[in-house]
Amino acid sequence: MVTVPTRQGLEAVDILRRTAAPAVGPVLHDNACDTLGFLVPPGTADGWDVPGSACTETPRPDGGGWLLPPEGAEKVTDPEVLREALGEAARLIEVVDRCS
């Protein structure tokens, strides 16, 4: 599971949902709504290096609730597509914060 701050995660979900093909799998939010967790394929943690995020092996998601439930979603989010969306989200947030 790739865990990111909620603001960046929500931006990434929007970016992923705007693509022509479904690109985002199930997404969890924690109980405090501080982070979002994207389900990714097993083994993703071995090569994950995106600043501001963490990728950990999670046997079974628990705690929190579903932002995007597994029903009707892709099985998992492609890590490369997620990496690009998180980068774009970070750039958008930086621009908005600079203009505020």
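Contact, as the word is used here, means heavy atoms within 4.5 Å. In this predicted model, Leu 67 touches Leu 10, Val 13, Val 27, Leu 28, His 29 and Leu 36 by that criterion, when residues up to four places away in sequence are not counted. Leu 67 lies in strand β5 and is partly exposed, with a relative accessible area of 34%.

Of the 100 residues in the chain, 35% are buried. Among the contacts with a separation of 6 or more, 83% are accounted for by residues 24 or more positions apart.

In soluble globular proteins, nonpolar side chains tend to be buried together. The largest nonpolar core of the model has 20 residues, of which Val 2, Leu 16, Val 27, Phe 38, Trp 48, Leu 82 and Leu 86 touch the most other members. At least two residues of this core are supplied by each of β1 (2-5), α1 (6-17), β3 (35-38) and α2 (79-99). With neighbours within four places in sequence left aside, Phe 38 is in contact with Met 1, Val 2, Val 4, Gly 9, Ala 12, Val 13, Leu 16, Val 24, Pro 26, Val 27, Thr 77 and Leu 82. Trp 48, also listed among the core members that touch the most others, has the charged end of Arg 83 over its ring, at 4.7 Å from the ring centre. A search of the whole structure for aromatic pairs, by contrast, returns 0.

Helix α1 has 12 residues, and the distance from its first C-alpha to its last is 16 Å, close to the 16 Å expected at 1.5 Å a residue. Its buried residues are Thr 6, Gln 8, Gly 9, Ala 12, Val 13, Ile 15 and Leu 16, and the elements that cover them include β1, β2 (27-29), β3, β5 and α2. Thr 6, which has its place in this helix, is buried with a relative accessible area of 17%, a value that falls under the 20% limit for buried residues. Apart from its neighbours within four places in sequence, Thr 6 is in contact with Cys 33, Asp 34, Thr 35 and Leu 36.

Helix α2 has 21 residues and spans 30 Å from its first C-alpha to its last, close to the 30 Å expected at 1.5 Å a residue. The buried residues of α2 are Pro 79, Leu 82, Ala 85, Leu 86, Ala 89 and Ile 93. Viewed down the helix axis, these buried residues fall within an arc of 115°, and they therefore line one face of α2. They pack against β1, α1 and β3, whereas Glu 84, Arg 91, Arg 98 and Cys 99 are exposed on the other side of the helix.

The loop between β5 (65-68) and α2 contains Pro 69. This proline is partly exposed, with a relative accessible area of 33%, a value that lies between the limits of 20% for buried and 50% for exposed residues. The C-alpha atom of Pro 69 is separated by 7.8 Å from that of Leu 28, although the two residues are 41 residues apart along the chain. Leu 28 is also among the residues touched by Leu 67.

Terms used
Residues numbered from 1 in each chain as written. Predicted model: local features only at pLDDT ≥ 70, side-chain atom pairs only at ≥ 80, totals over all residues. Heavy atoms only, no water. Phe/Tyr/Trp six-rings, centres within 6.5 Å; stacked < 30°, edge-to-face > 60°. Lys NZ or Arg CZ within 6 Å of the ring centre and 35° of its normal. Core = buried A, V, L, I, M, F, W, Y, C linked by side-chain atoms within 4.5 Å. Buried < 20%, exposed > 50% of the residue type's maximum accessible area, 1.4 Å probe, protein only. Helix = DSSP H or I, 4+ residues; strand = E, 2+ residues; numbered from the N terminus. Expected span 1.5 Å × (residues − 1). Arc of directions from axis to C-beta.
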